[in-house]
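My entries follow in the order in which I checked things.

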Amino acid sequence: MEADGATAQRHWEKVWSARPAEQMSWFEPVPTVSLDMIVAAEVPLDAHIVDIGGGASTLADALLDAGYRHLTVVDLAAAGLDVARERLGRRADQVEWVVADVRSWRPSAPVDCWHDRAVLHFLLDLPDRDAYVASLRAALSPAGVVIIGTFAPDGPTHCSGLPVVRYDSANLATLLGPDFTLSSAARHAHRTPSGAEQSFQYATFRRAQPHG
Ligand SMILES: C[S@@+](CC[C@H](N)C(=O)[O-])C[C@H]1O[C@@H](n2cnc3c(N)ncnc32)[C@H](O)[C@@H]1O
């Protein structure tokens, strides 16, 4: 699925247009774990934070509320971003909204914090995951922080009708490679709007400073 960007884009445009964002299984009224991990990683208020595959996520709202000023939300589907933009009203102007595929996206300025909840796990093929990591490496500042949330090994095998790859923090560390250091990890039971429980793995990594 994700091997073909146009097909994936069509899928996600359709998904976001089909029903209200609050009814999507991944919807969170407050993105508590993401926020806690960003704060715990001591990401400063003037940091450039990107939410990869943010769609209609409420993370941008929460980060603006917390005082963050340099936010970018990247998503393959404009329809998800439109929902977030409409919800934020005038505050949407404080966020950069980018319709792009994470596998080829490059920022105009280095990113201090890369956040991804429920996006990486859709990349099934090795070349796609390699492209994801190449984008992350190209975007991230030398001391940058990476926070990734995926379905955990005991989580769902599918989301939005698509198969996913499930990760624990060790698998995520292997994917990112030796110049990223795992600094914290958390399991989280996400409650979907219909009441089901989904097991997520979150992990925070720091880019290791080259030894001088
Ligand atoms: C399950 S939703 C998660 C949305 C949001 N991160 C959240 O936690 O509420 C997955 C999102 O990733 C986006 N997406 C999927 N593949 C992508 C890709 N290759 N590049 C950028 N965004 C992508 C979809 O459009 C969708 O908005």
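**Cavity and ligand**

I began with the largest cavity, for which I noted a volume of about 460 Å³, bearing in mind that this is a predicted model. I then looked up which residues line this cavity, and of the 32 that do so, Gly-53, Gly-54, Asp-75, Ala-118 and Val-119 are the closest to its centre. Going through the elements, I found that α1 (5-18), β1 (48-52), β2 (70-75) and β4 (111-117) are those that give two or more residues to the lining. Sorted by class, the lining of the largest cavity holds 18 nonpolar, seven polar and seven charged residues.

I searched the whole structure for cavities of 30 Å³ or more, and the search returned one.

Next I asked what takes up the space of the largest cavity, and it is the ligand. I listed 19 residues around the ligand, of which Trp-16, Gly-53, Asp-75, Val-102 and Arg-117 come nearest. By class, this shell divides into ten nonpolar, four polar and five charged residues.

Trp-16 places a polar side-chain atom 2.9 Å from an oxygen atom of the ligand, and for Asp-75 I noted a polar side-chain atom 2.5 Å from a ligand oxygen atom. Last, I looked up how much of the ligand is covered: taken alone the ligand exposes 590 Å², and the protein buries 98% of that.

Technical notes. Residues are numbered from 1 along each chain as its sequence is written. This is a predicted model: local features need pLDDT of at least 70, side-chain atom pairs count only at pLDDT 80 or more; totals for chains, interfaces and linings use all residues. Side-chain values use heavy atoms; hydrogens and water are left out. A residue is near a molecule or strand if one of its heavy atoms lies within 4 Å of it. A polar contact is a pair of N or O atoms within 3.5 Å; within protein, one must be able to donate a hydrogen and the other to accept it, and residues adjacent in sequence count only if both atoms are side-chain atoms. Accessible areas come from the Shrake-Rupley method with a 1.4 Å probe; for residues, only the protein chains shown count as cover. On a 1 Å grid over the protein atoms alone, a cavity is a set of points where a 1.4 Å probe fits but cannot get out, and a pocket is an open set with protein on both sides within 12 Å along at least five of seven lines; lining residues have an atom within 4 Å of a point. A molecule sits in a cavity or pocket if more than half of its atoms lie within 2 Å of its grid points. Ala, Val, Leu, Ile, Met, Phe, Trp, Tyr, Cys and Pro count as nonpolar, Asp, Glu, Lys and Arg as charged, and the others, Gly among them, as polar. Grid points are joined across faces, edges and corners, and a volume is the space filled by probe spheres set on the points. Helices (H or I, at least four residues) and strands (E, at least two) are DSSP runs, numbered from the N terminus.
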